[in-house]
Amino acid sequence: MKILKIAARHALVPLLYRYPPVGLQPERLQYYLRNIIEKKDIPGVVLEIGCNLAGTSIVAHNMMRRLGINKDYICIDTFGGFIPEQFEADRALGTPNVLSNMFSANGIGLVRKIINQHNCNDIKLVQKDCTKMNSADLGGKPISVCLLDVDLSEPVRLGLERIWPLVSPGGVVLVDDCPPSSDWKAKVGVEAFSKASGVSVSYLFGLAILEKPLNA
Ligand SMILES: C[S@@+](CC[C@H](N)C(=O)[O-])C[C@H]1O[C@@H](n2cnc3c(N)ncnc32)[C@H](O)[C@@H]1O
């Protein structure tokens, strides 16, 4: 069933994805884009962890190129949905089981086809569990802006542990799905990271915001 769904999506890319399939709420999308503009002089790549079909990536990348922000845009994703043990941990916290297969009918080839259709051939795609990402995935470059959008508590917590040391002074990490209450437990991971590391966090529009001071 999943294979058929992926094959159908592949065949219908020009029709299904003629507009970028953005998964962020509009108020969060505008805040992410605004940060990319405001942090244009902070060195490093723009990193999106959890890109699904790359709709947000296409919008952000095309905005950057139009504004002459010539930073790398890098996406890290499993391109197959959630890692079962990571989902299981949040199911125990109350995330409904019906969400476990969301994002699984995907593949790196399908996402490459969608981004190429929107002239974003230079977006770099990295297929990986974000809890295992490292500096080499970013070509050894630091991070200026990161959107961490993987929904679950453990990949958020462990992802932040990996990302934070790579963020440039003045850079920012935004974590999606952190409203006061939600089926998704991303906020649990943010709070655990913040408590263990001492990094302070604020919240806006359901995003967690972790800014590295310029003098860090
Ligand atoms: C909500 S979607 C991302 C939406 C996207 N940022 C957008 O705005 O359109 C969540 C994505 O996180 C990915 N994901 C979940 N767990 C992951 C992990 N441990 N490592 C990398 N990606 C993961 C899923 O495959 C899925 O594509």
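This is a predicted model: local features need pLDDT of at least 70, side-chain atom pairs count only at pLDDT 80 or more; totals for chains, interfaces and linings use all residues.
Local features require pLDDT of at least 70 and side-chain atom pairs pLDDT 80 or more, whereas totals for chains, interfaces and linings use all residues. Residues are numbered from 1 along each chain, and side-chain values use heavy atoms, without hydrogens and water.

Around the ligand are 23 residues, of which G23, G50, T56, D77 and D149 come nearest; a residue is near if one of its heavy atoms lies within 4 Å. By class, this shell comprises 10 nonpolar, seven polar and six charged residues, with Asp, Glu, Lys and Arg counted as charged and Gly among the polar residues. An oxygen atom of the ligand lies 2.8 Å from a polar backbone atom of G23, and an oxygen atom is 2.7 Å from a side-chain N or O atom of D77. A ligand nitrogen atom is 3.0 Å from a side-chain N or O atom of D129. Of the 600 Å² of accessible area that the ligand has on its own, the protein covers 98% (Shrake-Rupley method, 1.4 Å probe).

The structure also holds four aromatic pairs, defined by ring centres within 6.5 Å. F82 and F87 form a tilted pair, at 5.7 Å centre to centre and 35° between the planes; planes under 30 degrees apart would count as stacked and over 60 as edge-to-face. F82 is buried, at 15% relative accessible area, as is F87 at 4%, the limit for buried being under 20%. The ring centres of F82 and W184 are 5.6 Å apart with planes at 50°, so this pair is also tilted.

Notes:
A polar contact is a pair of N or O atoms within 3.5 Å; within protein, one must be able to donate a hydrogen and the other to accept it, and residues adjacent in sequence count only if both atoms are side-chain atoms. Rings of Phe, Tyr and Trp (its six-membered ring) pair if their centres lie within 6.5 Å; planes under 30 degrees apart count as stacked, over 60 as edge-to-face and the rest as tilted. Buried means under 20% relative accessible area, exposed over 50%, partly exposed in between (1.4 Å probe, protein chains only).
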